[in-house]
Amino acid sequence: MKAKCRNRFLLYALVFLSGCAPVLSSGVLQQSDASVAFPDLARAPGDYTGKTVLLGGTIIALKNLATGTELEVLQRPLGYRMEPLLNDQSGGRFLVLFDQILDDKIYERGRKITLAAEVMGSETRSLEGIQYTYPLLKQKEHYLWPKADRYYGNRGFNFGIGINSSFYN
């Protein structure tokens with residue numbers, strides 16, 4: 001009987017604590033250099049070539065290539081569980097190369113993504129009439145966040161008390 005209770009307790013604890021776990025594996029987190037701030041990376045990507053960094057943001061564009069996929073991402077600060085925060089803060093844009101082809105209906109504009117990626121250098125392109133230097137990264141591991149609920153955001157638990165009514169003319 002005690003073993004049954006202990007096993008049940010361990011199962012509940014595991015389920016409860018898994019909700020607090022980071023979205024990337026511990027192995028890739030240990031390989032990553034968390035001290036690299038995005039503004040420093042954006043200023044001098046060549047200084048960080050070969051390092052694995054942790055970044056997040058919102059997808060701006062996806063381009064499928066012969067060798068995989070390139071994502072253009074608007075960097076956002078990472079919050080709880082490494083989820084990109086949707087605020088007005090950003091250090092700029094970066095490019096991420098994937099070895100596989102990604103579906104543009106899944107990895108669509110505006111979706112949040114968190115990733116660990118190796119810095120490959122930089123690439124300069126025209127962006128709205130200026131020459132913009134993008135940090136160029138190669139994806140090691142990523143997490144595509146679920147789409148936000150239209151009314152309540154991304155939260156898995158909601159609680160409310162009250163009466164709701166609507167009137168249509």
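Start by selecting D33: with a relative accessible area of 22%, D33 is partly exposed (buried is under 20% relative accessible area, exposed is over 50%, and partly exposed is in between, using a 1.4 Å probe and protein chains only). Before going on, note that this is a predicted model, in which local features need pLDDT of at least 70 and side-chain atom pairs count only at pLDDT 80 or more, while totals for chains, interfaces and linings use all residues. Residues are numbered from 1 along each chain as its sequence is written, and side-chain values use heavy atoms, with hydrogens and water left out.

D33 and K51 form a salt bridge, with their closest N and O atoms 3.0 Å apart (a salt bridge is a side-chain nitrogen of Lys or Arg within 4 Å of a carboxyl oxygen of Asp or Glu). This pair links distant parts of the chain, 18 residues apart: D33 is in the loop between helix 2 (26-31) and helix 3 (38-43), and K51 is in the loop between helix 3 and strand 1 (52-65). Helices (H or I, at least four residues) and strands (E, at least two) are DSSP runs, numbered from the N terminus.

How many salt bridges does a search of the whole structure find? Eight. For another one, select E70 and R125, whose closest N and O atoms are 2.6 Å apart.

Is E70 buried or exposed? E70 is buried, with a relative accessible area of 7%. Show what surrounds E70: leaving aside neighbours within four places in sequence, its contacts (heavy atoms within 4.5 Å) are A61, L62, K63, L65, L95, V96, L97 and R125.

Next, click on E123, which is partly exposed at 28%. The E123 side chain meets that of R125 in a salt bridge of 2.8 Å, N to O. Together, E70, E123 and R125 make up a network of salt bridges.

Finally, switch to cartoon view. Five strands close into a barrel in the order 1-2-3-5-4, with mixed pairing (two strands pair if DSSP finds at least two bridges between them). Pick out strand 3 (residues 93-98) and strand 5 (residues 130-144), which pair in the parallel sense over three bridges. End on V96, whose bridge partner in strand 5 is L137.
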